[in-house]
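Open the model in a viewer and keep the selection panel at hand. The stops below go through it piece by piece.

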Amino acid sequence: MESAEVKKHRTTDNIAISYTGIFDTEILSVLAKEIEGTLSPDDKINKKVFKIFIELAQNISMYSLEREQNSEGSDMGVGTMIIRDFDGYYEFSAGNRTTKDSIIPVMEKCDNINSMTRDKLREYRRLQRNMPAGKKGGGNIGLIQVALTASNPIEYALVKCEDGEYFYIVSVKINKE
Amino acid sequence: MEDIHIKGVHEAYFMPTVNFEVATGNCEISGESYLEETTKFYAPLLNWIRDYIDTVRGPLKFDIKLSYFNTSSSKCLVDILDMLKTYQKKGGQVTVNWYYEDSDEELEEVEDFILETGLQINKIPME
């Protein structure tokens, strides 16, 4: 399944924190502590990355096509998250297996979010917050929140794996200033 | 009707501290809100407010001091604010103080809660 895009996602350059595996409560808690405590000397930046992490990690837990049972027997999503440290910004990436049908609306939502000004995005969040929750109980506004928190566009890639399934990667930059 | 007192927890999930007092109508939600079952946590809080409005009919003062809340929690916070707005429209005395940390994004979010619910919210920087 190693396409060039996925390899790029998995390159070890500039990695500050990376994890691949089951996205269950215990692991998320360990990763959250790493981000909150050690990523940047600036607590405001850590908080931004943490907020983005929570929203995107929850998406992997709930929606990844690849599932595993955790130690308590609960069915949780499997995926990858990487935080890279560059001059001037951090890049947060999250990836998981998916089906094309289920991910197309998500990619369209990213395009829609990226086309909006900040004020429009805030209006969109207000609108979405008053909509019924998503089918798995999500707030349905996670991606909007990610874009508002990062103040940068959401980048994404969809890669066809050799077994015919797809790997979806979402990335966002968080400026250090 | 009884008070609600919940001590906040910061472990795998983050449970906020909650203090709702029947005698004074003083209510506080503080700490961080990121829960495994968000609606299940907030349902008793919404029920308490509903009961207070129906039976006590006294003033309500809400102090919200959340340094972090995820998007699922924000939906429940909107539900609380909507309920307070409805009470205010019916003549109830409602004060909401929202304490925010020093960040433009957090101030923006409070302003959006005001636009979203039509409720007057006092924006106070957290010390």
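Select helix H4 (residues 100–114) of chain A together with H6(A): their axes come within 10 Å and cross at roughly 35 degrees. The model shown here is predicted. The crossing of H4(A) past H6(A) is right-handed. To see the contact itself, show the side chains of A:Lys109, A:Cys110 and A:Ile113 on H4(A), and of A:Leu143, A:Ile144 and A:Ala147 on H6(A). By class, the residues of this contact are five nonpolar, no polar and one charged. Two packed helices are described by the angle between their axes and the distance between the axes.

Stay on H4(A) and pick A:Asp111, which lies in this helix. Is A:Asp111 buried or exposed? It counts as exposed, because A:Asp111 has 11 C-beta neighbours inside 10 Å, and a residue is exposed at 12 or fewer.

Move on to A:Ser151, in the loop between H6 and strand E5 (154–160) of chain A. A:Ser151 is not a glycine, yet its phi is positive, at about 55 degrees. Most residues other than glycine have a negative phi. A:Ser151 counts as partly exposed, because it has 15 C-beta neighbours inside 10 Å.

## The whole of chain A

Colour chain A by secondary structure. Six helices and six strands make up its secondary structure. Following the chain along its sequence gives the pattern α-β-α-α-β-β-β-α-α-α-β-β. Of the 177 residues in chain A, 34% are buried. Take the contacts in chain A between residues at least 6 apart in sequence: 59% of them join residues at least 24 apart.

Next, select H3(A). This helix has 21 residues and reaches 30 Å from its first C-alpha to its last, close to the 30 Å expected at 1.5 Å a residue. How many of the residues of H3(A) are buried? The number is 15 of 21, so H3(A) is mostly covered.

## Where the chains meet

Show both chains and select the residues at their interface. Here 18 residues of chain A are in contact with 15 residues of chain B. On the side of chain A that touches chain B, helix H2 (25–38), helix H3 (43–63), helix H5 (118–129) and helix H6 (142–150) each supply at least two residues. Colour that side of chain A by class to find four nonpolar, seven polar and seven charged residues.

## The whole of chain B

Chain B has three helices and eight strands, and along the sequence they run β-β-β-β-β-α-β-α-β-α-β. Its C-alpha atoms fill a box of roughly 35 × 30 × 25 Å, taken along the principal axes. The radius of gyration of chain B is 14 Å, which agrees with the value near 14 Å for a compact globule with 127 residues. Buried residues account for 34% of the 127 residues in chain B. Among contacts in chain B between residues at least 6 apart in sequence, those that join residues at least 24 apart make up 61%.

## Along H1(B)

Select helix H1 (residues 38–56) of chain B. It has 19 residues and spans 27 Å from its first C-alpha to its last, close to the 27 Å expected at 1.5 Å a residue. Which residues of H1(B) are buried? They are B:Thr38, B:Tyr42, B:Leu45, B:Ile49 and B:Tyr52. Show what lies against them: the buried residues of H1(B) pack against strand E1 (4–6), strand E4 (17–20), strand E6 (60–69) and helix H2 (71–89) of chain B.

B:Asn47 also lies in helix H1 of chain B. B:Asn47 is exposed, because 11 other C-beta atoms lie within 10 Å. Its C-alpha atom and that of B:Asp82, 35 residues apart along the chain, are separated by 13 Å.

## Last stop: the end of H1(B)

What is the phi of B:Arg57? It is near 55 degrees, a positive value in a residue other than glycine. B:Arg57 is partly exposed, because 14 other C-beta atoms lie within 10 Å.

Key. Residues numbered from 1 in each chain as written. Chains lettered and ligands numbered in written order. Predicted model: local features only at pLDDT ≥ 70, side-chain atom pairs only at ≥ 80, totals over all residues. Contact = placed C-beta atoms within 7 Å. Helix = DSSP H or I, 4+ residues; strand = E, 2+ residues; numbered from the N terminus. Nonpolar A, V, L, I, M, F, W, Y, C, P; charged D, E, K, R; others polar. Rg over C-alpha atoms; globule rule 2.2 N^0.38 Å. Buried ≥ 20, exposed ≤ 12 C-beta atoms within 10 Å, placed from the backbone. Expected span 1.5 Å × (residues − 1). Axes fitted to C-alpha atoms, helices over the stretch in contact; angles between N-to-C directions. Left-handed = near helix turned anticlockwise from the far one by under 90°.
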